[in-house]
Amino acid sequence: MTRFGYTLMTEQSGPKELVHYAVSAEHVGFDFEVSSDHYFPWLAAQGHAPYAWSVLGAVAHATERVELFTYVTCPTMRYHPAIVAQKAATLQILADGRFTLGLGSGENLNEHVVGMRWPTVARRQDMLREAIQVIRELFTGELVDWKGEYFEVDSARLWDLPETPVAIATAVSGERSVETFAPLSDHLIATEPKKELVDAWHDARRATGLPGEVRVVGQIPICWDTDKDAAVRRAHDQFRWFGGGWAVNSDLPTTAGFDGATQYVRPEDVADSIPCGPDLDAIVEAVSKYWEAGFTDIALVQIGDEGQEQFLKEAAAPLLEKLRAASG
C-alpha cells in the first residue's frame, strides 16, 4: 500500500505555523510528515528558515500517529555526525518510535554558513558515507572513538537511546550514490520518479545480502488553489527554483543566486512541471509517476504559506481519497 505524506516546508512557513499545519495534516489523514532542514529559503520570496529539529520536537509532542522524517539533514558540515546522532535519538524518544532520519549530502545554500569550502560531489558523498558510519556506531549506545578521513569522535556516547532504533533513509541520485549508500541505509530517498534508480537500489542491497524490499520515499510539489491563475503565480513566485535540477540546486550558495538563475523562468514553465489549480485528478496523475516507479511513500509539498490552511481544510481529504483509490 502506498503511503502519502505532508511536507513541513520550513522555507515557506514559520515554526508555529508548521506545528499547526502538522497537527491539521494528521487529522486530515496523511500517513507521515517530512521536514526540510534548511538555513536559507530557496528564494527570498519564501521568507522563512526556522530550525527544523526544534520544529520536529514540537510536532512529535503535538501529534500522535503520523511518522516523521527529516527530508533531508546533511550530517557533514553544518552539523557534526555525532550531534546528528544525538538529535535523532532524542527525537525518536519524543516521537515514541515514529521518526526516521533522512540524510543527504547537502546543498551549498545551507552548508556555506559555517565558513567551510564547498566540496565536490564525490567528496560530499564520501563525507556522508563516513558520517553514516559514525552515526551507526553511536546508535549502539557504546563508547565511540573514531578517527577517520573527515571526522573525529573522542569518547562519545549517547546516554538516551530510544527503544525503537532510528532507521536511516538516504537520498541518492545516481549509480555511484546507490552503490555507496544502499548497503549503509535502511530506506531510499529520491527526488525524481526514476524506476531504474529504485531497481538499482534493491539490486545493490540484495547483492550484499540485505533485504531488497525497503521503503522508497519521494516528494512532489503541487500548488492547489480554487483559482488556477493564482496557483500558477504563487508557484512561480516561490518554486521556480525547482526546475534547476540537482546539479544546479546543490551548488548555488545564496537566495540571490537562485533569483538570478531563475530570472527567465516563466509562469507557464512552472505550470508545465507542477500541477497548479483546483483539479485534483491532475494532481493524482502527476503523483502516479512515483508509485509506478516503485515508490512506497510519497510526500506532497503544497506550495506557499498562503492558502495552506485552505488546502488542508478543503482539498487534502478528497485528494488523499483519490490518491489511495488510484494507487490501489
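Predicted model: local features only at pLDDT ≥ 70, side-chain atom pairs only at ≥ 80, totals over all residues.
Eight strands form a closed barrel in the order β1-β2-β3-β4-β7-β8-β9-β10, and their pairing is parallel. On average, neighbouring strands of this sheet are turned by 30 degrees against each other, direction ignored. As one example of the pairing, β2, residues 32–35, and β3, residues 67–70, run parallel and are joined by four bridges. Within this pair, S35 of β2 faces T70 in β3.

I turn next to helix α1, residues 15–28, which packs on the sheet and touches β1 and β2. The direction of α1 makes about 165 degrees with that of β1. The helix has 14 residues, and at 1.5 Å a residue it should span 20 Å; its end C-alpha atoms are 20 Å apart, so the two values agree. Its buried residues are L18, V19, Y21, A22, S24, A25 and E26. Among the elements covering them are β1, β2, α2 and α13. After α1 comes G29, with a positive phi near 125 degrees.

The largest nonpolar core comprises 72 residues, and F30, F99, L101, F139, V287, F311 and L319 have the most contacts inside it. Leaving aside residues up to four places away in sequence, F99 touches W53, L68, F69, T70, A88, L91, Q92, V166 and A167. Another core, of 17 residues, lies apart from the largest one and includes M9, L109, I274 and C276.

Finally, the salt bridges. D126 pairs with R176, their closest N and O atoms being 3.1 Å apart. Because D126 lies in α5 and R176 in α6, this pair ties together parts that are 50 residues apart in sequence. Which of the two partners is buried? D126 is, since its relative accessibility is 16% and the cut-off for burial is under 20%. R176, at 39%, counts as partly exposed.

A second bridge joins E268 and R266, with 3.4 Å between the closest N and O atoms. Both partners are partly exposed, E268 at 40% relative accessibility and R266 at 44%.

In a third, the side chains of K322 and D281 meet at 3.1 Å, N to O. This pair links helix α13 to helix α12, across 41 residues of the chain. K322 is partly exposed at 35%, as is D281 at 46%.

Methods:
Residues numbered from 1 in each chain as written. Heavy atoms only, no water. Pairing = 2+ DSSP bridges. Helix = DSSP H or I, 4+ residues; strand = E, 2+ residues; numbered from the N terminus. Axes fitted to C-alpha atoms, helices over the stretch in contact; angles between N-to-C directions. Contact = heavy atoms within 4.5 Å. Core = buried A, V, L, I, M, F, W, Y, C linked by side-chain atoms within 4.5 Å. Buried < 20%, exposed > 50% of the residue type's maximum accessible area, 1.4 Å probe, protein only. Expected span 1.5 Å × (residues − 1). Salt bridge = Lys/Arg side-chain N within 4 Å of Asp/Glu carboxyl O.
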